[in-house]
Each structure stands twice: as structure tokens, then as C-alpha cells.
Amino acid sequence: MRILHTSDWHLGRSFHRVNLLDAQRAFIGHLVRTVREQRVDVVLVAGDVHDRAVPPLGAVALFDEALHRLADLGVPTVMISGNHDSARRLGVGAGLIDRAGIHLRTDPAGVGTPVVLSDDHGDVAFYGLPYLEPALVREELGAGRPTHTDVLTAAMDRVRADLAARPAGTRSVVLAHAFVTGGTASDSERDITVGGVAQVPAGVFDGVDYAALGHLHGCQTITERVRYSGSPLAYSFSEADHRKTMWLVDLGAGGGLTAERIDCPVPRPLARIRGRLDDLLEDPALARHEDAWVEATLTDPHRPDEPMARLAERFPHVLSLVLDPERPPQDPLASYARRLRDRSDQEIAEDFVAHVRGGLAADDREREVLTAALDHVRLGESETTEEAGAR
């Protein structure tokens, strides 16, 4: 069975105020052509179809267009909700849409109920695991603790139980939206940290032939059978070096698997340049970036006059300006910036406790209180988003 694995469309998202709807429409067209030309048997979309719970009308119209074009192909599509989607909103009409071959899986209660498709080698069961917010689904799934690992393990236990009851030789594919250990994140993914931990081990997906993952925006292979397709477009400058692709997976008899990457259209290349303003304006080596979307990091000791206007004269598509002035090592501002770089909210909060107490670090109980407070805020944001999507 030939599978096209995609994820993280983020319909309605912009890139530094640049509307990407036309680029997203071009991707949908590319997806449809790929399905037709590569004789794909099933399309997978592993979450974050929309960029937010209440997407703009243009994104809703494009989603509707995508559903119609996929249905017209007569090729089944299995789609799950991600942490950016409103699961209830995305799942409206799922029963009716199912009849057209578009299988929306947004309800955690249905993780053990697959979409079953067949080829010359027998049945393939596709299990859709929508994004599982631990505090919201723990009781429903019977998970031990409200953590990503526990709720995904509970969901996968249901998958394995259903699979064990099926005829011998039934192959299996799981769609999931999660941060799996070994994956590399970018700046454009929303934090899903719970209890200070966001990652789950790849072993959670043991027992299935292929795990089609969404959430991380870079295409990557965690194991031979556990892969991220990544987003079809770049949504932050941290993705400047990404090769945006989809996975074309062939699942053969007995679960044999091969996979290749299918490139996605690039609306405009990305470039990150760094240096003093005058050097950036004069360096001939930067000529190759003059037609790119540019993020410029200026290292001038003092802010130059009208830096964006001057940069735009050479780089007309400059979108982002970062000021990172050169400072001597003993400068307290430079030291503070280094301390914060790449640190989680939990680590920053614990550092603050130690700082105000003269170096006395937070104990285990205090760390638990900080973790609970941060999770409460994040969960409140999630519930607010979901309520907005339901209105």
C-alpha cells in the first residue's frame, strides 16, 4: 500500500505578516498532483491542519477546497487534529465526510477504532491519535499520570488491543501528534510541555508497522518506522535550512517498508544573515540572498539609523530585524542573555528562586509547585483556545 504522509499544514498562518494562503493553495495542488502521479493509495495528515482554533475564512475555504479535491481523487484520506486545531471544530460533520473517504479522527475515545483499508496483501488498519492534552484526556483513557508519555501509552494500549483481535497479518499504521524523543524542534511549534516534560519515547509506538507523526516542522526519521513529515512550508526563520517534503511510504506484505521524500514547492527561499549593517550592505557574497525572505541580525555596538529601510534597499524582502550588539564578555546584559538562551520556563523559574535566595536552589516540593503553576497557565490557554473554537 502506497501512503503519502503529510502534517502541519497550518492553514491560515502568515510568515512575519506575509500572507501564505496562496503558497498553501499551491501546496494543496502539489499534493493532489503527487497523489495522482505517484498512484498513492491513502493520504495521511498528522495534525495541525489549521493554525488556530478559529481559523480565518480564507483558511476555512482552502480546507474545504482541499477536502473536495482529495475526495474527487477517490483516494482515502485519514486526518487527525493537532494541538493548534480545535478538535471539536475540526471534527464537525466527520460522520458525513467519512462517506466521501475523508476520515477525520479528532475524538480521543476513538483511538482504538481504525480506518481499515485493503490491498493485494490484505488489510491495513489506520489508527488516528489526535493531539492528547494529558490533563484533559487522562481519565478518559485511563492513564496513570497526566503526562504525554502516560496518555500516549494508554492510547497505544487500545491500539494494540484492537490489533491483536484482528486477523493475523493485518498491518498497522498510527497517526499521532506529539514530540518524540530524538526529534529536533524549531521556533514555530507551540510549546506542549507538561510537568516540565514534552517528549515521549519512540518505544511508545512499538507494535505497529509505521507511525506517521506530526508536530515538529522538520522532516526527520526517528526510527525506520517512526517518522515526521514536517510542515510543507517554513513558518519561522529557524527552518531556513529545512528541506520541506512529504514521505512517500510503501508498506508491503508482512510490514516491509520503504520511504522516500517528495519535495514541496518553495514560495521563496529563506536567509539568515548576521553582521554589522554596513558589512551586510556591501558584502558581495550576500548577493544570492537578495531575492529571499531575510532575517538580519545586526551586531553593531549601537543601533544604526533606519536599519530596516537601509536593508530593504538591498534586500527588498527583508522581514525580520534582530539586534544583537557586540558586547564585551563582562557586560552583564551579555551574560544575562546567555543564561536565558535555550532554557525552558521551568529552568528560568528555578533559577529565579535560587537568585532571590542567595543561591539556595528550589527543593523537590518547590519544583513541583512551580511545575504545577506553569502547567496550570498552559492548560488554561489550551482550554480557552478550545472554548473559542467551540463558539
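**Strands, sheet and cores in a predicted model**

Visitor: How many residues of β12 are buried?

Guide: In this predicted model, strand β12, which covers residues 210–214, is mostly covered, with five of its five residues buried.

Visitor: And which way do they point?

Guide: Tyr210, Ala212 and Gly214 point one way from β12, while Ala211 and Leu213 point the other way, and all of them are buried. As background, side chains in a regular strand alternate between the two faces of the sheet.

Visitor: Which strands does β12 pair with, and in what sense?

Guide: Strand β9 (residues 171–177) pairs with β12 in the parallel sense over five bridges, and strand β14 (residues 226–228) also pairs with β12 in the parallel sense, over three bridges.

Visitor: What stands opposite glycine 214, then?

Guide: Glycine 214 of β12 has histidine 177 opposite. On the β14 pairing, alanine 212 has arginine 227 as its bridge partner.

Visitor: Switching topic: which strands form the open sheet?

Guide: Six strands form that open sheet, in the order β6-β5-β4-β1-β15-β16, and the pairing is mixed. β6 (102–105) and β16 (257–263) stand at the edges and have a single partner strand each, so one side of each is left without a neighbour in the sheet. On average, neighbouring strands of this sheet are turned by 20 degrees against each other, direction ignored.

Visitor: How do β4 and β5 pair?

Guide: Strand β4 (residues 42–46) and strand β5 (residues 77–80) pair in the parallel sense over four bridges, and valine 45 stands opposite methionine 79 in β5.

Visitor: What about the largest nonpolar core, and which residues have the most contacts inside it?

Guide: The largest nonpolar core has 34 residues, and those with the most contacts inside it are Leu129, Leu141, Met156, Val174, Val180, Phe205 and Leu213. At least two residues of this core come from each of β8 (122–129), α5 (134–141), α6 (148–164), β9, β10 (179–180), β12 and β14, and α6 gives the largest share, seven residues.

Visitor: What does leucine 129 touch?

Guide: Leaving aside residues up to four places away in sequence, leucine 129 touches Ile80, Val111, Leu152, Ala155, Met156, Val159, Val174, Leu175, Ala176 and His177.

Visitor: How many residues are in the second core?

Guide: The second core, which is separate, has 28 residues, including Leu21, Val40, Ala59 and Ile262. In soluble globular proteins, nonpolar side chains tend to be buried together.

Terms used: Residues numbered from 1 in each chain as written. Predicted model: local features only at pLDDT ≥ 70, side-chain atom pairs only at ≥ 80, totals over all residues. Heavy atoms only, no water. Buried < 20%, exposed > 50% of the residue type's maximum accessible area, 1.4 Å probe, protein only. Pairing = 2+ DSSP bridges. Axes fitted to C-alpha atoms, helices over the stretch in contact; angles between N-to-C directions. Core = buried A, V, L, I, M, F, W, Y, C linked by side-chain atoms within 4.5 Å. Contact = heavy atoms within 4.5 Å.
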